[in-house]
Each structure stands twice: as C-alpha cells, then as structure tokens.
Protein chains: 2
Amino acid sequence: MRVLGVDPGMTRCGIGVVDGAPGRPLRLVHVAVVRTPPDAAIGERLVAQADAIGAAIARHRPDVVAVERVFSQHNVRTVMGTAQVAGLAIVAATRAGLPVALHTPSEVKAAVTGSGTADKAQVGAMVTRLLRLAETPRPADAADALALAICHVWRGSAQRRMSDALARVRT
Amino acid sequence: MRVLGVDPGMTRCGIGVVDGAPGRPLRLVHVAVVRTPPDAAIGERLVAQADAIGAAIARHRPDVVAVERVFSQHNVRTVMGTAQVAGLAIVAATRAGLPVALHTPSEVKAAVTGSGTADKAQVGAMVTRLLRLAETPRPADAADALALAICHVWRGSAQRRMSDALARVRT
C-alpha cells in the first residue's frame, strides 16, 4: 500500500509518501515541505498549496491520502489556514478518485512512538528509524507528514482487517 | 460592479450575486443555497461545494468575490468545515483570476443595518429592502451571502476611493 500523508499548513505544508504493509519494512518514496510567503495574498498561497498537493498525488499515485485532522483548539492564530489547506488536500484526493483518511495528531504520535503525547523530537527519531534514513527529515512538518503516512499504513490495515473479519462473521 | 458573495458552510453554503455601485440602486442577479448531506463523505461534500462555487463564478462572471472571514471563536463544532469551504471559494476565485475580499460578520451587519451586532432577522429585512425583493431570501445563508455582496459593493468602493485619494495626495 502506498500512502501520501499531508501535514497541512499555509506557511509550511508537509507531504510524505510511504510504501508499506503491516509486518513488512516501510519504504520512503518522497518527502517535501511546500512553503508560501506569509506576505503573499491568501488566494495565491492556497492555490500554491493545492497545486503542490495535486502534483504530488499525480506523480506518486498513492492508494490513499491521509490528512491530519485539524482541531480548532490548536493554535487559534493559524488554525484557519491549516483547516483550509487540509480541505484542499481532501478535495485533491477526492477529485483523483482516492480514499481519504483523517488521523488526529495523538493517533499519529501513538502509532509511531507508542505514546499519544510524544514530542516532535521523538516522532522525528522514530520516523528516521522506521524508514531507515541517514538523518531526520527537517523541518518537523516533513517528519510529521511521513509519520501520518506510516500511521495510516498500520492503522488503515488494522481497520481493514477488522472490518473484513466482521464481514466474514456476518456472512 | 458585480460582486459574488459566499457565506461558507459545509451543510449549507450561501451564494449571492449583486450588481451595484455606491449611491445607485442595487440589483439582485442570483441567489442560491448549496446543501450537502451531513452523512456523506467529507471529500464528496467539499467537492460539491467547490463545484457549485466554481459554476456560479463561471456563469455570473463577477468582478470580485467576497467571502466571509471565518473566526475559530465561532461554533467550534462546525468551524473547520466552514473554514474549508471558505478556502475553496478563495481558491476558485483566484483560479478564475478574480480579486478576493474578506469581510467579517460584524462588518457585513454594520454595512447593511448600521449595527455590527444586528440579528439575522434585521439583516434579512435590510437585504430585502435594499434589493427591493418581494420577500426575504431564505434560509438565512441566502440573505447572508447577499448581505456580504452588498457590503463589498459599498466598502470595496469606499476603500478604492480612499486609496485613490491617497495616491493622488502622494503624487
């Protein structure tokens, strides 16, 4: 399964693509952080992020797109832009005919570190280890996008196995 | 000047198009409320709203698109979807090469009723009067989208006159 993870943001948006299956080694396919200048018009910034996400989907052809679920409790000053970029990622995936999965930051942290309250350094260290990289992807948005993709490889598969098992029980 | 106003929302998105100029009568061009079912997938809902806004821009060819500025202090349960649809409206306008204006709910209320704390009934009554309609557009999202467009006809013009005057003073 190939998962494209999006850590949405207006100033920095992380995009990470991972190949993997539960119980098998994970493989880094692509990682990037797309930046837009804070003094640009909001329309230009949103279009730049939408285009970058659309281009990554077209180039890497993932099976599913995983997007961080944004909460309004986050940083109130930046949460609107974050929610808008998340929305653009969801639209890009849907227009490409791909399923979209949303995972909360705690789910992502718990998936890759074992703790839902792990800090950015721990997440970065585990992403580096799990993908067998020479160094930690920077900035943190890059590691976060990869963590999101890894989280989905594992959780998505577990969810599918569970729903498959339930379907077998019912029939 | 033709303004297309968007009162963003995931379940109900208001779209209102108004022709006008300061000191001249306003004219209703179009009003609609686009609904999406709460039980549909988020991707389908966002794509439906994006398509509807894009189609309205293509059909009515406004000079500018005015979108309600969303605050996270609003209804926390629905604000993420609202912010996402606002982002899609901004992207649709920018892709069409149109300027985007953001107005806060208080600015819109103050523009059409004289009070930044007016209630929905007051806003609806003034929209009905200013556009010389036989009845108040319903639901409230329809009237709110028209109020936003009217607000921009008046405020946008005032802002332009002020910047023109300042430019003349400087040269």
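Start with the salt bridges between chain A and chain B: the count is two. The model is predicted, and every value on this tour is computed from it.

**Stop 1: the two bridges**

Select R95(A) and D51(B). Their side chains meet in a salt bridge, with 2.8 Å from N to O. R95(A) belongs to helix α2 of chain A, while D51(B) sits in helix α1 (residues 42–60) of chain B, so this pair joins two chains. D51(B) has 39% relative accessibility and therefore counts as partly exposed.

Now select R95(B) and D51(A). Here too the side chains meet in a salt bridge, 2.8 Å from N to O. R95(B) is in helix α2 (residues 79–95) of chain B and D51(A) is in helix α1 of chain A, so this pair also joins two chains. D51(A), at 40% relative accessibility, counts as partly exposed. Side chains of opposite charge can pair when their charged atoms come close.

**Stop 2: the interface**

Show both chains together. How many residues of chain A are in contact with chain B? There are 24, and they meet 24 residues of chain B. The area buried between the two chains is about 1900 Å², and carbon and sulfur atoms give 75% of that area. Four residue pairs are in polar contact across the interface of chain A and chain B, both residues of each pair having pLDDT 80 or more.

Next, colour α1 (42–60) and α2 (79–95) of chain A. These are the elements that give two or more residues to the side of chain A that touches chain B. Which of them gives the largest share? That is α2(A), with eleven residues. By residue type, this side of chain A divides into 15 nonpolar, six polar and three charged residues.

**Stop 3: the axis**

Turn the view to compare the two chains. A rotation of 180°, with 0.0 Å of shift along its axis, superposes chain A on chain B at an RMSD of 0.0 Å. That is the relation of a two-fold axis. The same surface serves both copies, since 100% of the contact residues of chain A recur in chain B.

To find the axis from chain A, select Q84(A). Of the residues of chain A, Q84(A) comes closest to the rotation axis, with its C-alpha at 2.2 Å.

**Stop 4: a network within chain A**

Over all chains, a search of the whole structure finds twelve salt bridges. For some that lie within one chain, select R2(A), D19(A) and R27(A), which are linked in a network of salt bridges. Look at R27(A) and D19(A): they form a salt bridge in which the closest N and O atoms are 3.0 Å apart.

Are these two residues buried or partly exposed? R27(A) has 45% relative accessibility and so counts as partly exposed. D19(A) has 17% and so counts as buried, the cut-off for buried being under 20%.

**Stop 5: T82(A)**

Finish by selecting T82(A), which is in helix α2 of chain A. Its relative accessible area is 14%, so T82(A) is buried. Which residues does T82(A) touch, not counting those up to four places away in sequence? Show P8(A), G9(A) and V70(A): these are the residues that T82(A) touches under that condition.

Methods. Residues numbered from 1 in each chain as written. Chains lettered and ligands numbered in written order. Predicted model: local features only at pLDDT ≥ 70, side-chain atom pairs only at ≥ 80, totals over all residues. Heavy atoms only, no water. Least-squares fit on C-alpha atoms with pLDDT ≥ 70 in both. Contact = heavy atoms within 4.5 Å. Buried area = accessible area lost by both parts, 1.4 Å probe. Salt bridge = Lys/Arg side-chain N within 4 Å of Asp/Glu carboxyl O. Polar contact = N/O pair within 3.5 Å; in protein donor to acceptor, adjacent residues only side chain to side chain. Helix = DSSP H or I, 4+ residues; strand = E, 2+ residues; numbered from the N terminus. Nonpolar A, V, L, I, M, F, W, Y, C, P; charged D, E, K, R; others polar. Buried < 20%, exposed > 50% of the residue type's maximum accessible area, 1.4 Å probe, protein only.
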